[in-house]
Amino acid sequence: MTAEMFPKEKTIDLRKKHIGPSCKVFFSHDPIKIVRAKGQYMYDENGVRYLDCINNVAHVGHSHPMVVKAGAEQMELLNTNSRFLHDNLVQYAQRLQATLPEKLSVCYFVNSGSEANDLALRLAWEYTGHKDVITLDNAYHGHVSSLINISPYKFHQLANAEQSKSVHVALSPDLYRGNYRQDHPDPATAYADDVNNLIQKAHEKGHKVAAFIAESLQSCGGQVIPPAGYFQKVAQHVHRAGGLFIADEVQVGFGRVGTHFWAFQLQGEDFVPDIVTMGKPIGNGHPMSCVVTTREVAEAFKNSGMEYFNTFGGNPVSCAIGLAVLDVIEKEDLQGNALRVGGYLTRLLEQQKEKHPLVGDVRGRGLFVGAELVRDRVKLTPATAEAQDIIYKLKEQHILLSADGPHRNVLKFKPPMCFSEEDADMVVEKIDQILTDIEKALGLQMPSTVHTENGSRKRNVQPEENGCHHSNGISHSHDTSQQHASQQNKRLRS
């Protein structure tokens, strides 16, 4: 069975003709045409099966029968807007709220993560009466104008763009590559103090902070896990300044981290954001998202006098699908699976770190895992070209993985939650083989182990001078100062 209407070449030609050229495809050198998907697998027009390690949108698995059935049955019965009373809306809101801290009790349903984050900013602006927003370096919160302004991951790509004077960029709380690392005595306080300094500087210029917004775990920024206690300390500074804390769960929510249903809960029970945004996994591919906030914030938004209405947000079909996703997560213990399989995947990758000099760091929670590749473990020179090479070689072996982060050198795992230990074995085995070949071609070896004075063992790491800064399979740009790495990468491909 195939859903192909045109030969692949014609599909490519029509896309070039009618689709905006900024809308990139994965593996642009040789894009894949996918015609169907099931579980953690996707199938091309020739029936070739690919293991999907990319799609956190298909949260409970592609084309899950319970989700498909729920949407089809409700669509056959009724679909209309939320101005009419319907039990699906209130039932879903009730179910969703039950997964969150008690004070987060009011829902606004919208259609995408971008809509959710845009609405969250409106809520904060109205509640506080302030305008300024603090965001994290390398953050991505969406593609509408208000969110591009607070997404350094995007606006840093614009050569002549001026940062909005009402937006302040705080240090990413990156314990591997950031200003304060794992050997720092208190990185949470150090990174939170950076936020406080931004608040003070804004006040000196007569500005007032409406909100601090952060992905609970940075995704596009390179799978960054904030240190425990960081959010609590930031919230204290932000609340003292009269602002709100917005937790963006669009990429990482709904049990993906394994130990908790929401990634912000990794910070501890004593931390509760003022606003939580969610999207992507909420509808398993159906366009749906939500903003959840406190009664106080919601009342302030209402008192502005402007009615809020969203034509499709919270419609009966979307809510039926959302309910089915929650049912599947619970019935199939997908949060537990994320914990077990994610832990297994992380251990396998840690073994690769011990074996391969290119693997500088492995980090993650549940089925949200990153492996950062470096050419030098002391200088942390990004192995960007090598990461790209791995992505394409995996694709040739029918495994779909992406690389991200500010240097595009972090292998990024965020598969459907039905991902298995067998899947993890297969992916890491292939990565092991590819790394072995790349390191052999580059003449890289694990540094020898030397003994320190106290008898402990220490890696004698030799610096690698040849840095690189290539793009991933979606965006293509070249740094002429890195031509040597580019030439090596071409040899690897041949």
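Student: How many residues does the protein chain have, and what percentage of them count as buried?

Tutor: A residue is called buried under 20% relative accessible area, exposed over 50% and partly exposed in between, with a 1.4 Å probe and protein chains only as cover. Here the protein chain has 494 residues, of which 55% count as buried. The model is a predicted one, in which local features need pLDDT of at least 70, side-chain atom pairs count only at pLDDT 80 or more, and totals for chains, interfaces and linings use all residues. Residues are numbered from 1 along each chain as its sequence is written, and side-chain values use heavy atoms, with hydrogens and water left out.

Student: In what order do the strands of the open sheet of 4 strands lie?

Tutor: Strands of a sheet pair through backbone hydrogen bonds, either parallel or antiparallel. Two strands are taken to pair if DSSP finds at least two bridges between them. The order in this open sheet is β1-β2-β3-β14, and the pairing is mixed. Its edge strands, β1 (34-38) and β14 (399-400), each pair on one side only. Strand β1 runs antiparallel to β2 (residues 41-44), joined by 4 bridges, and Ile34 stands opposite Asp44 in β2.

Student: Which way do the residues of strand β16 point?

Tutor: In a regular strand the side chains alternate between the two faces of the sheet. In β16 (residues 410-413), Val410 and Lys412 point one way, Leu411 and Phe413 the other way, and all are buried. Strand β12 is antiparallel to β16, with 4 bridges, and Gly370 stands opposite Lys412. Strand β15 (residues 402-404) also runs antiparallel to β16, through 3 bridges; Ser402 has Lys412 as its bridge partner. The hairpin of β15 and β16 has 5 residues between the strands, and Gly405 takes a positive phi near 95° there.

Student: Why does Glu372 count as buried, and with which side chains does Glu372 make polar contacts?

Tutor: Glu372 counts as buried because its relative accessibility is 2%. The residue is placed in strand β12 (residues 368-376). A polar contact is a pair of N or O atoms within 3.5 Å; within protein, one must be able to donate a hydrogen and the other to accept it, and residues adjacent in sequence count only if both atoms are side-chain atoms. The side chain of Glu372 makes such contacts with the side chains of Arg363 (2.7 Å) and Asn409 (3.2 Å). Not counting residues up to four places away in sequence, Glu372 also touches others, including Tyr176, Leu358 and Val410.

Student: Is Ser289 buried or exposed?

Tutor: Ser289 is buried, with a relative accessible area of 0%, and lies in strand β10 (residues 289-293). A polar atom of the Ser289 side chain lies 3.3 Å from the backbone nitrogen of Asn111.

Terms used
Helix = DSSP H or I, 4+ residues; strand = E, 2+ residues; numbered from the N terminus. Contact = heavy atoms within 4.5 Å.
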